[in-house]
Amino acid sequence: MKKLFLVPVLILDSSVCAIAADEVAKAPPAAPYQQVSKLVKLPDFLPGMGQLFVDPATLPAGPFLAYDHDGKLASTIYMLPTKDLNPDKSFDNLAAPGGNVDHVDVYYNAGHPGVEEPHVHVVLWHVAAAGEASVAK
Amino acid sequence: MTIARREVLGLGGGLVAVLSLSQRDVWAEEVVEIRMQGRADGSHVWFDPIGVLIKPGQMVRWTNFNPGNSHTTTAYHPANFGRPLRMPESAKSWDSDYLLPGESFSVTFTEQGVYDYYCVPHEQAGMVGRIIVGEPEAHGGWMEAVAASRGLPDEALKAFPTVEEIRANRTIR
């Protein structure tokens with residue numbers, strides 16, 4: 001009986017994920033996401049990341065949704081201030097609307113308008129490593 | 001002391017070529033160029049050069065050469081966000097506001113002294129610079145050690161080249 005109950009739940013759950021990923025697959029994503037370059041003074045397209053969108057309520061962690069020149073979602077990025085990576089803080093239940101993840105990059109960033117403090121970028125790439133070239137420049 | 005102006009320059013080969021030509025030596029008498037730079041992944045940002053010695057009346061021009069970031073050149077002065085005074089009291093402060101890639105901002109310095117400045121979004125990352133104009137007195141009261149340190153992040157304080165270094169070398173990178 002339990003198994004019979006779980007099956008529809010799983011189907012429902014996966015379909016919700018599929019819808020969410022579909023909604024953000026192409027730029028611009030629906031509200032509450034907003035274009036980062038409209039919120040703070042940054043170039044519209046950031047080399048290495050792409051065109052960024054974020055829900056301002058989720059700053060600084062994000063997720064930031066990053067799109068290539070064709071408006072295709074390339075990655076989901078989290079920006080975690082290094083001062084907040086301590087025993088008393090954590091980042092839980094961050095949204096992950098982008099769907100399948102091919103690989104992950106983690107690297108230090110000195111800061112930029114919007115997230116001024118030094119922080120770590122955690123990048124969930126939705127494209128293969130070769131696909132990163134689409135946002136390189 | 002200053003006339004500040006904002007310019008938008010192309011980041012194409014033209015400007016780079018001009019900077020790399022021997023004309024640079026000629027320019028040095030008139031305009032001192034400071035680049036706002038950063039690694040491609042944003043892991044490090046800086047002014048280049050970080051310290052310069054100039055003559056009274058010389059112009060300094062900052063240009064953002066960092067394609068993935070925006071920067072400011074902002075004097076340490078109470079007029080700018082209540083920051084501590086780290087420049088001659090009688091001189092006028094400046095703040096470029098955010099410069100996108102390719103944009104420039106210029107200031108002409110007429111009063112002798114030591115001027116410290118920073119990049120608003122990158123002060124915590126140590127993106128600061130120091131300009132010495134003329135031959136200010138060694139102990140002109142412009143920057144007592146305790147007052148100078150107040151309110152600045154450690155990364156910024158560590159980054160300033162010393163007055164002696166700048167005087168000795170004219171340009172510090």
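Predicted model: local features only at pLDDT ≥ 70, side-chain atom pairs only at ≥ 80, totals over all residues.
1. Residues are numbered from 1 along each chain as its sequence is written, chains are lettered from A and ligands numbered from 1 in the order in which they are written, and side-chain values use heavy atoms, leaving out hydrogens and water.

2. Arg173(B) has a partner: its side chain meets that of Asp48(B) in a salt bridge, 2.6 Å from N to O. A salt bridge here is a side-chain nitrogen of Lys or Arg within 4 Å of a carboxyl oxygen of Asp or Glu. Arg173(B) sits in the segment after β10 (171–172) of chain B and Asp48(B) in strand β3 (residues 45–48), so the pair ties together parts that are 125 residues apart in sequence. Strands are DSSP runs of E with at least two residues, helices are runs of H or I with at least four, and both are numbered from the N terminus. Asp48(B), for its part, is buried, with a relative accessible area of 16%.

3. Staying in chain B, have a look at Asp116(B) and Arg130(B), whose side chains form a salt bridge at 2.7 Å, N to O. This pair links distant parts of the chain, 14 residues apart: Asp116(B) belongs to strand β8 (residues 113–118) and Arg130(B) to strand β9 (residues 128–133). Asp116(B) is buried at 0% relative accessibility, and Arg130(B) is buried at 5%.

4. In chain A, Lys83(A) forms a salt bridge with Glu117(A), and their closest N and O atoms are 3.4 Å apart. Lys83(A) lies in the loop between β4 (73–81) and β5 (103–109), while Glu117(A) lies in the loop between β5 and β6 (119–125), 34 residues apart. Lys83(A) is exposed, at 51% relative accessible area, whereas Glu117(A) is buried at 17%.

5. How many salt bridges are there over all chains? The count comes to ten.

6. Finally, a word on annotation. An unreviewed UniProt entry lists residues 68–108 of chain A as "domain: TTHB210-like"; UniProt positions follow the numbering used here, feature names are shortened, and annotations may be inferred rather than shown by experiment. In the model, this span is 0% helix and 37% strand, and its end C-alpha atoms lie 22 Å apart.

Technical notes
Buried < 20%, exposed > 50% of the residue type's maximum accessible area, 1.4 Å probe, protein only.
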